[in-house]
Amino acid sequence: MKKLDAAEKDTANAVGLLWDSASVVDRFDDTGTVKQEQARELGWVGPTARSCGVETDVRFNHPFGPYRFMVVPVAVAQGGDVHARAFLRWLEIKRSIRFIRERLGALPPPGEKGKTAGPLKPGRLALSLTEGWRGEVCHVVVTGKKGDFLRYKVTDPSFHNWSALALALRNQAISDFPLCNKSFNLSYCGHDL
């Protein structure tokens, strides 16, 4: 709990410096704006969609595990600009810390083992969705005749969201590229989940 307290304090201090700087807030406002209609039409996921006011989160839309019993409020911002994306991240950090504190109190006693997965069945297709820090992460597995992996595909949320960066940069100064790029924080390789 001490590490979580320290991380919360450090993050709050850093974010406080960010939001207390009028020049930063001015730079974030109306920079790299994308619209809610674009997010819906192009199927953006995670913070990219939520910063445009689209309430989408795998934990909410397709609850699994503890999310079937506990509702994590979906953090949503409006505006679709760099400011909305940064503010949304701050909301998500605060809600994540609260969720972690609640879950730490509900952990089983040390040494208690949970269920383990059995062997994979042959000739099957399995799909899994989870909400990663960039948004929806999709795993698809096809098993062979012996239950081994025949095919395995992971799709990073960035796959869905690259068009958002392209649209955010339209009619913007070239100097806005680094700021917009980092505000989406997309994966270039799709393997840094």
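The questions and answers below concern a predicted model.

Residues are numbered from 1 along each chain as its sequence is written. In this predicted model, local features need pLDDT of at least 70 and side-chain atom pairs count only at pLDDT 80 or more, while totals for chains, interfaces and linings use all residues, and side-chain values use heavy atoms, with hydrogens and water left out.

Q: Which residues of helix α7 are buried, and against which helices do they pack?
A: Helices (H or I, at least four residues) and strands (E, at least two) are DSSP runs, numbered from the N terminus; buried means under 20% relative accessible area, exposed over 50%, and partly exposed in between (1.4 Å probe, protein chains only). In α7, which spans residues 158–168, the buried residues are S158, N161, A164, L165, L167 and A168. They cover an arc of only 165° around the axis, which puts them on the same side of α7; the arc is that of the directions from the helix axis to the C-beta atoms. By contact (heavy atoms within 4.5 Å), the buried residues of α7 pack against α3 (36–42), α4 (46–50) and α8 (177–184).

Q: Why do the buried residues of α8 line one face of the helix?
A: The buried residues of α8 are C180, N181, S183 and F184. An α-helix has 3.6 residues a turn, so residues three or four places apart point the same way. The buried residues of α8 pack against α4, α6 and α7. They line one face because, seen down the axis of α8, they fall within an arc of 165°.

Q: What does T56 touch, not counting residues up to four places away in sequence?
A: T56 is found in the loop between α4 and α5 (58–61). With a relative accessibility of 22%, T56 counts as partly exposed. Not counting residues up to four places away in sequence, the residues that T56 touches are W44, G46, A49, R50, N61 and V74.

Q: How many residues apart in sequence are the parts that R27 and D176 tie together?
A: A salt bridge is a side-chain nitrogen of Lys or Arg within 4 Å of a carboxyl oxygen of Asp or Glu, and the side chains of R27 and D176 meet in one (2.7 Å, N to O). R27 lies in helix α2 and D176 in the loop between α7 and α8, so the pair ties together parts of the chain. R27 is partly exposed at 33% relative accessibility, whereas D176 is buried at 8%. The parts are 149 residues apart in sequence.

Q: Which residues are linked with E131 in a network of salt bridges?
A: E131 and R50 meet through their side chains in a salt bridge (3.0 Å, N to O), and this pair links E131 in strand β1 with R50 in helix α4, 81 residues apart. E131 counts as buried at 13% relative accessibility, and R50 counts as buried at 2%. D57 and R59 also meet in a salt bridge (2.7 Å, N to O). The residues linked with E131 in the network are R50, D57, R59, R89 and E92.

Q: Is E92 buried or exposed?
A: E92 is found in helix α6. Not counting residues up to four places away in sequence, E92 touches P47, R50 and A75. Its relative accessible area is 15%, so E92 is buried.

Q: What is the phi of D30?
A: Most residues other than glycine have a negative phi, and most peptide bonds are trans. D30 lies in the loop between α2 (22–28) and α3. At 63% relative accessibility, D30 counts as exposed. Its phi is positive, in a residue other than glycine, and is near 60°.
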